[in-house]
Amino acid sequence: MFSWMGRQAGGRERSGGMDAVQTVTGGLRSLYQRKVLPLEEAYRFHEFHSPALEDADFENKPMIMLVGQYSTGKTTFIRYLLEQDFPGMRIGPEPTTDSFIAVMYGETEGSTPGNALVVDPKKPFRKLSRFGNAFLNRFMCSQLPNQVLKSISIIDSPGILSGEKQRISRGYDFCQVLQWFAERVDRIILLFDAHKLDISDEFSEAIKAFRGQDDKIRVVLNKADQVDTQQLMRVYGALMWSLGKVINTPEVLRVYIGSFWAQPLQNTDNRRLFEAEAQDLFRDIQSLPQKAAVRKLNDLIKRARLAKVHAYIISYLKKEMPNMFGKENKKRELIYRLPEIYVQLQREYQISAGDFPEVKAMQEQLENYDFTKFHSLKPKLIEAVDNMLTNKISSLMGLISQEEMNMPTQMVQGGAFDGTTEGPFNQGYGEGAKEGADEEEWVVAKDKPVYDELFYTLSPINGKISGVNAKKEMVTSKLPNSVLGKIWKLADCDCDGMLDEEEFALAKHLIKIKLDGYELPNSLPPHLVPPSHRKSLPKADKGE
């Protein structure tokens with residue numbers, strides 16, 4: 001086990017989640033600083049790709065970044081999650097948010113401008129200073145005491161317009177800023193308006209800036225209550241077609257459909273769908289604190305692999321340069337031949353093509369460098385990273401898994417997340433197998449007369465029908481045998497291999513639940529137990 005694990009864990013008793021997080025965070029920081037950082041510095045990785053990571057990058061809370069065209073509901077979405085306004089918030093049908101706003105937890109409500117924010121060592125934004133005053137004047141941190149923000153931070157981005165004018169007038173490289181955030185956040189949520197599915201040139205470039213971060217991207221089709229069911233199907237199809245042109249991934253992106261604001265639905269036909277989609281999205285966001293360590297580890301692995309590939313590229317260019325004459329001509333030739341060099345390095349070092357940086361962007365950057373000042377390949381630096389990827393990472397992954405089992409489950413709480421966790425407005429409350437849970441009368445009783453008529457056509461003997469006769473009726477549902485077998489187990493309360501009229505009615509009720517699209521329970525809930533069979537169940541001790 002690593003020495004740093006012993007240093008951090010030894011000499012004191014574990015106090016739970018916080019110690020676990022600090023141990024893993026310390027391990028990640030140590031690996032990066034000792035193994036990856038020396039390789040990055042030797043081959044100017046920070047000038048080509050991404051600035052060096054700092055302590056705050058390892059210690060910060062999970063972050064979510066919202067990206068979308070203007071008036072798709074990005075700021076409203078944040079307001080919906082927090083259930084309160086935040087400093088700097090502006091909402092309207094016109095382009096309102098013209099700044100990047102980091103919404104974070106603070107004991108007192110207030111805001112910090114960008115120039116002050118990038119000199120705060122406790123915030124993970126110090127490296128954003130390289131984008132200059134034009135960006136920093138459009139960057140701020142909004143702090144407020146909100147329960148949701150104790151677990152996550154949210155980045156609100158400027159609304160994207162169409163046209164070249166906006167791209168030029170920003171004064172900073174918008175896509176480069178998005179890429180910087182994308183490398184550090186845990187989720188990238190792309191918001192679309194059901195009425196505006198066109199993807200502008202700048203939005204397309206912004207999405208392409210997320211190359212290599214596909215696992216972080218989620219898509220939200222917002223304001224879906226403003227169209228009817230038929231239109232929604234067409235809108236969804238058009239959205240998937242548009243995304244397919246700009247996101248080159250074989251997997252289909254997860255799209256969450258709904259209306260994410262605290263106002264009445266304009267069209268309630270798809271209310272159940274919207275509720276289910278919102279719950280899925282909430283669960284995804286709520287799980288981020290639990291998965292934060294794994295995400296940071298995954299990002300470190302991706303960064304280490306890219307640093308290795310970058311070292312091979314830079315050292316190859318250095319090796320090919322002449323000692324005396326024709327340096328400029330050779331440089332131009334090497335830049336032109338960069339795609340061939342990629343292929344050559346892939347074969348020589350057994351590297352996947354997906355690990356290499358984009359050719360065109362690399363060619364443009366190389367124009368500004370003197371290849372003779374690059375360093376030759378240093379095998380010890382490469383070996384250190386290989387050793388980390390082969391041995392250290394697996395040990396750290398084991399530590400993370402162990403700590404996840406030992407520490408209490410971390411979930412985002414507060415705001416909109418509390419409104420759907422308990423009570424009658426929890427998803428699925430009073431539906432499917434949960435129907436009738438808070439009623440005195442047996443929920444199956446209302447349909448039992450119909451089921452009784454069927455029961456007496458199946459030749460009951462001594463008030464019960466055999467499994468063979470029950471099967472004849474149950475298979476008419478066309479459900480697979482695996483499902484019908486589970487229903488039989490649930491309905492045969494006394495396990496005698498036969499069904500009385502109440503058990504048969506229960507079996508028909510469970511079949512109806514499954515045919516209506518709900519899942520069957522793993523064990524029979526107390527409210528579904530037939531009345532004549534309840535007396536045989538052990539009574540719970542009221543004192544417990």
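**Entry 1. Terms and ground rules**

I take buried to mean under 20% relative accessible area, exposed over 50%, and partly exposed in between, with a 1.4 Å probe and protein chains only. The model is predicted, and I note that local features need pLDDT of at least 70, that side-chain atom pairs count only at pLDDT 80 or more, and that totals for chains, interfaces and linings use all residues. Residues are numbered from 1 along each chain as its sequence is written, and side-chain values use heavy atoms, with hydrogens and water left out.

**Entry 2. Cysteines**

I looked up Cys 493 and found it partly exposed, at a relative accessible area of 29%. Cys 495 counts as exposed, with 65% relative accessibility. How many disulfides does the structure hold? I record zero. A disulfide is a covalent bond between the sulfur atoms of two cysteines; the criterion applied is a pair of cysteine sulfur atoms within 2.5 Å.

**Entry 3. Overall make-up**

I noted 22 helices and ten strands as the secondary structure of the protein. Helices (H or I, at least four residues) and strands (E, at least two) are DSSP runs, numbered from the N terminus. The protein has 544 residues, of which 49% count as buried. I then turned to contacts, meaning heavy atoms within 4.5 Å. Of the contacts between residues at least 6 apart in sequence, 78% join residues at least 24 apart.

**Entry 4. Cavity**

I searched for cavities and found one of 30 Å³ or more. A cavity is a set of points, on a 1 Å grid over the protein atoms alone, where a 1.4 Å probe fits but cannot get out; lining residues have an atom within 4 Å of a point. Grid points are joined across faces, edges and corners, and the volume is the space filled by probe spheres set on the points. The volume of the largest cavity is about 30 Å³. Which residues line the largest cavity? I list Glu 54, Ala 56, Asp 57, Pro 124, Phe 125, Arg 126, Lys 127 and Trp 180. This lining divides into four nonpolar residues, four charged and no polar. In this count Ala, Val, Leu, Ile, Met, Phe, Trp, Tyr, Cys and Pro are nonpolar, Asp, Glu, Lys and Arg are charged, and the others, Gly among them, are polar.

**Entry 5. Positive phi**

I examined Ser 71, a residue other than glycine with a positive phi, near 60°. Ser 71 sits in the loop between strand E1 (63-68) and helix H5 (74-82), and is buried at a relative accessible area of 19%. Lys 478, also not a glycine, has a positive phi of about 70°. Its loop runs between helix H19 (467-474) and helix H20 (481-491). Is Lys 478 buried or exposed? I find Lys 478 exposed, at 77% relative accessible area.

I located Asn 267 in the loop between strand E8 (255-257) and helix H12 (271-286). Asn 267 counts as buried, at 16% relative accessibility. A polar atom of the Asn 267 side chain lies 3.0 Å from the backbone nitrogen of Asp 269. Not counting residues up to four places away in sequence, Asn 267 touches Asp 225, Val 227, Asp 228 and Phe 274.

Gln 363 belongs to helix H16. I traced its side chain to the backbone oxygen of Ile 335, at 2.9 Å. Leaving aside neighbours within four places in sequence, I find Gln 363 in contact with Ile 335, Tyr 336, Leu 338 and Pro 339.

I placed Phe 356 in the loop between helix H15 (338-349) and helix H16 (359-366). Phe 356 is buried, at 2% relative accessibility. Beyond four places in sequence, the residues that Phe 356 touches include Arg 211, Val 309 and Tyr 342. Phe 356 and Ala 307 are 49 residues apart in sequence, with 9.7 Å from C-alpha to C-alpha.

Gly 110 is in strand E3 (residues 110-113) and is partly exposed, at 24%. I found that Gly 110 touches Pro 87, Cys 141, Ser 142 and Gln 143, not counting residues up to four places away in sequence.

Conventions:
On a 1 Å grid over the protein atoms alone, a cavity is a set of points where a 1.4 Å probe fits but cannot get out, and a pocket is an open set with protein on both sides within 12 Å along at least five of seven lines; lining residues have an atom within 4 Å of a point. A polar contact is a pair of N or O atoms within 3.5 Å; within protein, one must be able to donate a hydrogen and the other to accept it, and residues adjacent in sequence count only if both atoms are side-chain atoms.
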